[in-house]
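Q: Could we go through this structure together? I would like to discuss the sheet and then the pocket.

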Amino acid sequence: MKTLLPLAEQIARQLIERRETIVVAESSTGGLIAAALLAVPGASAYFLGGAVVYTRLSRRVLLDIPDAALDGIRPSSEPYALLLARSVRARFDATWGLAETGATGPTGNRYGDAAGHACIAVAGPSERAVTLETGSADRAANMRVFATAALDLLERALSG
């Protein structure tokens with residue numbers, strides 16, 4: 001698997017060349033995805049912003065997603081990640097929305113997912129979502145793996 005910062009640099013080049021923008025809604029990565037994208041010089045050309053959506057309150061306040069929008073959608077699932085990606089994209093009027101939700105550890109989440117579970121989604125000219133299971137309870141390592149996987153998914157969406 002590619003590493004975080006080289007992936008962010010590759011994505012930045014593509015976004016700048018295409019004059020496209022990205023916005024991020026992340027949960028268990030705690031801002032690591034946004035930090036990687038912002039570490040690339042010239043980020044203001046493509047990065048519009050992001051939100052750490054770690055609670056129901058943050059989902060309502062930062063993304064304006066009411067609880068009713070979750071009817072039939074389980075948090076920490078691919079449909080939920082897609083809802084976040086679509087919502088943050090629309091809220092910022094960006095070309096691309098990238099979202100992550102999961103359980104970094106050392107324990108699982110209240111929805112029954114084990115530590116090391118993440119769902120990642122990209123919304124934009126194309127959409128895709130993936131589920132990742134690391135099998136690890138190492139919180140910091142899972143954060144890095146989830147963030148790298150999110151950027152990898154975005155890079156694949158950009159490459160078509």
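This is a predicted model: local features need pLDDT of at least 70, side-chain atom pairs count only at pLDDT 80 or more; totals for chains, interfaces and linings use all residues.

Q: In what order do the strands of the open sheet come?
A: The open sheet has 5 strands in the order 2-1-3-4-5, and the pairing is mixed.

Q: Which ones are the edge strands?
A: Strand 2 (47–52) and strand 5 (128–133) are the edge strands, each pairing on one side only.

Q: And by how much are neighbouring strands turned against each other?
A: On average the turn is 10 degrees, with direction ignored.

Q: How many bridges join strand 4 to strand 5, and do they run parallel or antiparallel?
A: Strand 4 (residues 117–123) is joined to strand 5 by 6 bridges, and the two run antiparallel. Within strand 5, Thr 131 is the residue opposite Cys 119.

Q: Which strands does helix 4 lie across?
A: Helix 4 (residues 78–92) lies across strand 1 (22–26), strand 2, strand 3 (96–103), strand 4 and strand 5. Its angle to strand 3 is about 145 degrees.

Q: Changing topic: how much space lies in the largest pocket?
A: The largest pocket holds about 390 Å³. Its lining comprises 22 residues, of which Ser 27, Tyr 54, Gly 102, Asn 109 and Tyr 111 are the closest to the centre.

Q: Where does the largest share of that lining come from?
A: Strand 3 supplies the largest share, with 3 residues. Helix 3 (56–63), helix 4 and strand 3 each give at least two residues to the lining.

Q: What is the make-up of the lining by class?
A: There are 11 polar, 7 nonpolar and 4 charged residues in the lining of the largest pocket.

How values were computed: Residues are numbered from 1 along each chain as its sequence is written. Side-chain values use heavy atoms; hydrogens and water are left out. Two strands pair if DSSP finds at least two bridges between them. Helices (H or I, at least four residues) and strands (E, at least two) are DSSP runs, numbered from the N terminus. Axes are lines fitted to C-alpha atoms, for helices over the stretch in contact, and angles run from 0 to 180 degrees between N-to-C directions. Contact means heavy atoms within 4.5 Å. On a 1 Å grid over the protein atoms alone, a cavity is a set of points where a 1.4 Å probe fits but cannot get out, and a pocket is an open set with protein on both sides within 12 Å along at least five of seven lines; lining residues have an atom within 4 Å of a point. Grid points are joined across faces, edges and corners, and a volume is the space filled by probe spheres set on the points. Ala, Val, Leu, Ile, Met, Phe, Trp, Tyr, Cys and Pro count as nonpolar, Asp, Glu, Lys and Arg as charged, and the others, Gly among them, as polar.
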